[in-house]
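This report goes through a structure by the contacts between its side chains. Please look at the sequence and the model first.

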Amino acid sequence: MTERVMKDYEVREYRDGDLPSLLECFNLVFREGNPAHVDRTRAEWEYLYARNPAGRTVFVALHAGKVVAQYAALPITVSVAGKDRTYLQIVDSMVHPAHRRGLKHPGLFALTAYPFFDAFCGKDKGWINYGWPVDAAWRIGKTFLGYEVVRTQHVVARAPDPSATHPPEVERLRRFDDQARWLYDRCAGDWGASAIRDERFLNWRFVENPFHDYLLLGVRDGEGVLRGYAVYRFCNWKLPRMGLIVDWLVPPGEPEVGELLRRAIDARAAADGATAIALFLPEWSPWFERFQDWGFLVWPTDYYMVGRSFHPRFDMRWLRERWWYQLADSDLV
Amino acid sequence: MPTGALPPLTIREYQPGDEHAILATFNRVFGQIDPTFRPRTLETWRWQFERNPSGSRIFLALTEEGQVVSQYAGLGQRVHLQGERASFSQSVDSMTDPAWRLVLREPGFFVLTARPYGERFGGPGPDQDVFMWGLPVWSAWRVGKTYLDYEVVRTVLKLVAPLERVDLSSGPASGVEVEPVERFPADVEAVGAARAALCGAMAVRDVAQLDWRFVERPDERYDIGIARRGGAAVGYAVYRRGLFARVEGEGLICDFICPPDDVGTRTALLAWLVERARASGAERLVTLFPDTSPEWLAFQRQGFHAAGTAYFVVGKSFVKRHRIQWLYQNWFATLGDTDLV
């Protein structure tokens with residue numbers, strides 16, 4: 001594979017020691033045209049890639065010993081028919097501007113991706129690669145890397161209810177414990193595939209996250225058992241000052257729990273002065289209809305949710321119809 | 001174009017007289033895979049392919065005896081495209097006789113028929129389509145993406161409202177009345193042209209096209225309502241009760257054109273549609289709009305909810321200016337643009 005990249009490049013899995021030039025390249029690339037970019041630090045990189053409970057999947061291309069391209073993913077552990085599998089969210093992929101034109105098609109971006117696929121993707125490895133690519137990455141992804149559309153991505157959104165008050169039954173959670181997995185297991189029976197919501201994943205994703213602060217809201221029964229939770233973040237995203245439901249885990253057969261959490265989110269978003277509450281929901285979920293009953297509308301976004309399957313049984317239609325994912329499964333927020 | 005070492009087949013454009021062989025294969029192929037299939041009559045075929053004011057395109061693979069082995073076909077759509085006239089086509093009724101699928105596995109007669117079709121009819125030239133699109137079944141999609149460079153434009157959500165949930169509380173605008181008609185009046189053309197001016201691409205709604213689509217179709221009947229203000233047409237809707245997305249008896253809004261910001265006219269037309277649905281025994285109204293159109297949100301605000309379907313729109317653009325993502329954002333179409341209703 002290295003030969004295909006030209007003899008001046010070395011393409012291989014990330015190694016300790018690559019990080020200084022990787023971060024230098026990353027910050028140069030993502031600073032381009034984005035004055036709001038905040039340089040990524042070593043601690044942030046280590047949180048994302050070294051401490052991810054599902055592992056590290058990073059390939060780099062080096063030129064003269066320095067990282068000039070990366071194809072990387074954040075793996076998640078997904079339950080598919082009761083078995084643990086790996087899906088890979090492709091993120092942070094890049095090519096140094098000085099190395100974008102040196103090669104003929106397919107270019108360094110794709111030539112860094114191919115060995116990544118060899119290393120991490122397949123029937124006995126990562127089954128699905130997915131993401132919400134920017135336009136340039138999508139063009140390369142569909143042309144050279146076999147990516148396809150899972151769905152045109154919608155958000156379910158509306159303005160906060162200004163009259164909502166925080167229900168006393170809803171408590172703020174500091175961390176997730178082993179009850180998260182119990183709750184997940186009660187919800188996941190209807191899903192063909194879903195990232196396992198256990199305390200390791202949830203605390204890594206929301207509590208230990210160095211980028212953002214999240215509000216964790218939960219409802220417990222009289223015996224203290226977690227019956228549902230919602231993770232909220234107030235931020236600028238598609239609109240300024242949005243109140244995002246980043247994760248929503250409530251058994252569809254317990255609408256009263258969902259109602260309590262919805263009221264708590266409404267109250268918090270109204271207090272924050274949020275312009276909108278928004279979340280991702282698969283259209284086949286009962287919550288998709290329930291949120292519309294609560295006055296939410298289904299809005300388009302400029303995202304295609306795309307994927308590539310490395311298992312012949314699971315094509316894009318299967319994923320669209322069976323895979324439960326939320327904003328939490330993305331690095332968008 | 002003979003197919004060489006393969007059984008002696010000819011792949012060529014449709015010629016008058018082929019319709020009998022097309023129908024024989026069509027009715028046999030689709031009768032085998034669709035339990036709800038009603039054999040297509042020659043009258044309906046002639047309506048669909050010969051009398052469409054926007055034309056049609058057909059390529060066939062034929063045996064020496066004239067039997068149709070494979071068809072790739074499209075219904076033309078004259079379109080407003082960023083202020084100019086152009087042509088799209090909806091690919092429909094594509095098929096390969098199952099008995100011939102094993103004769104040539106990859107890429108198959110379907111592809112061998114589709115490729116010259118695309119070369120002949122796809123492009124920016126006169127008598128060519130700048131965009132070909134369709135709503136494929138999964139097996140056709142696998143072929144389309146692999147061999148024909150089709151891409152997904154959007155996955156399709158429908159809009160659904162039980163009749164009691166349709167919000168008519170704003171009331172029709174003062175002076176707007178909906179008049180049922182048997183044929184489209186001439187002044188409806190201005191309604192279509194005005195809507196087209198608000199989007200990047202939209203099929204022409206002139207009297208010839210609308211009458212062909214909704215009045216002259218031999219195997220279905222549609223109700224047509226024209227909204228008028230001060231005597232002038234300001235919008236219209238087309239209704240039929242029928243099967244959609246595997247659900248029988250749906251109250252289908254087949255076409256709906258009015259200024260997106262004209263709540264009063266939209267409400268008048270929705271009130272007429274609710275009345276039509278009740279009269280026909282339907283319990284809810286169902287329709288499609290692009291999720292990027294203003295109608296998508298406007299209908300939700302009047303009681304419609306989005307719901308999933310198995311449909312997805314795919315297409316191939318033959319001009320760089322109008323790539324798939326541009327079409328996703330800018331192309332307006334309704335259920336009546338498809339052959340689903």
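## Salt bridges

Over all chains, a search of the whole structure finds 51 salt bridges. The model is a predicted one. One of the salt bridges pairs A:R227 with A:E256, whose closest N and O atoms are 2.6 Å apart. A:R227 belongs to strand β10 (residues 226-235) of chain A and A:E256 to helix α8 (residues 255-272) of chain A, so this pair ties together parts that are 29 residues apart in sequence. A:R227 has a relative accessibility of 23% and counts as partly exposed. A:E256 is also partly exposed, with a relative accessible area of 40%.

In chain B, B:R154 forms a salt bridge with B:D291, and their closest N and O atoms are 2.8 Å apart. This pair links distant parts of the chain: B:R154 is in strand β6 of chain B, while B:D291 is in the loop between β12 (284-287) and α9 (294-301) of chain B, 137 residues apart. Are B:R154 and B:D291 buried or exposed? Both B:R154 and B:D291 are buried.

Salt bridges can also join into a network, as they do for A:E10, A:R12, A:R15 and A:D18.

## Where the two chains meet

How many residues does the contact take from chain A and from chain B? It takes 25 residues from chain A and 26 residues from chain B. Between them, chain A and chain B bury about 2200 Å², with 52% of this area on carbon and sulfur atoms.

The interface of chain A and chain B has 3 salt bridges. One of them is formed by A:K142 and B:E151, with the closest N and O atoms 2.6 Å apart. There are also 11 residue pairs in polar contact between chain A and chain B, counting pairs with both residues at pLDDT 80 or more. On the side of chain A that touches chain B, two or more residues come from each of these elements of chain A: α5 (135-144), β6 (148-158), α9 (286-293), β13 (297-309) and α10 (316-322). The largest share of that side, 7 residues, is given by β13(A).

A salt bridge also connects the side chains of A:E289 and B:R165, at 3.8 Å from N to O. A:E289 lies in helix α9 of chain A and B:R165 in the loop between β6 (151-162) and β7 of chain B, so the pair joins two chains. A:E289 is partly exposed at 32% relative accessibility, and B:R165 is partly exposed at 26%.

| Pair | N to O distance |
|---|---|
| A:R227 and A:E256 | 2.6 Å |
| B:R154 and B:D291 | 2.8 Å |
| A:K142 and B:E151 | 2.6 Å |
| A:E289 and B:R165 | 3.8 Å |

## Aromatic rings

Over all chains, the whole structure has 64 aromatic pairs. Why is the pair of A:F206 and A:Y214 edge-to-face? The ring centres of A:F206 and A:Y214 are 5.0 Å apart and the planes stand at 70 degrees, so the pair is edge-to-face; the cut-off for this class is an angle over 60 degrees. A:F206 is buried, at a relative accessible area of 3%, and A:Y214 is buried at 9%.

In chain B, the rings of B:F184 and B:Y236 have centres 5.4 Å apart and planes at 80 degrees, so this pair is edge-to-face. B:F184 sits in the loop between β7 (176-181) and α6 (188-196) of chain B, and B:Y236 in strand β10 (residues 232-244) of chain B, so the pair ties together parts that are 52 residues apart in sequence. The relative accessibility of B:F184 is 5%, which counts as buried. B:Y236 is buried at 0%.

Ring pairs also build a cluster in chain A, made of A:F59, A:Y71, A:F109, A:F116, A:F117, A:F120, A:Y147 and A:F310. Charged side chains meet rings as well. A:K238 lies over the face of A:W237, 5.7 Å from the ring centre. The charged end of A:R262 is over the ring of A:W294, at 5.4 Å from its centre.

## A helix of chain B

In helix α2 (residues 42-50) of chain B, the buried residues include B:W45, B:W47 and B:F49. B:T44 and B:Q48 of this helix are buried too. Which elements do the buried residues of α2(B) pack against? They pack against α1 (19-33), β2 (56-63), β3 (68-81), β4 (84-96) and α7 (207-215) of chain B.

Definitions and conventions. Residues are numbered from 1 along each chain as its sequence is written. Chains are lettered from A and ligands numbered from 1 in the order in which they are written. Side-chain values use heavy atoms; hydrogens and water are left out. Rings of Phe, Tyr and Trp (its six-membered ring) pair if their centres lie within 6.5 Å; planes under 30 degrees apart count as stacked, over 60 as edge-to-face and the rest as tilted. Buried means under 20% relative accessible area, exposed over 50%, partly exposed in between (1.4 Å probe, protein chains only). Helices (H or I, at least four residues) and strands (E, at least two) are DSSP runs, numbered from the N terminus. A charge sits over a ring if NZ of Lys or CZ of Arg is within 6 Å of the ring centre and within 35 degrees of the ring normal. Contact means heavy atoms within 4.5 Å. Buried area is the accessible area (1.4 Å probe) that two parts lose on being put together, summed over both. A salt bridge is a side-chain nitrogen of Lys or Arg within 4 Å of a carboxyl oxygen of Asp or Glu. A polar contact is a pair of N or O atoms within 3.5 Å; within protein, one must be able to donate a hydrogen and the other to accept it, and residues adjacent in sequence count only if both atoms are side-chain atoms.
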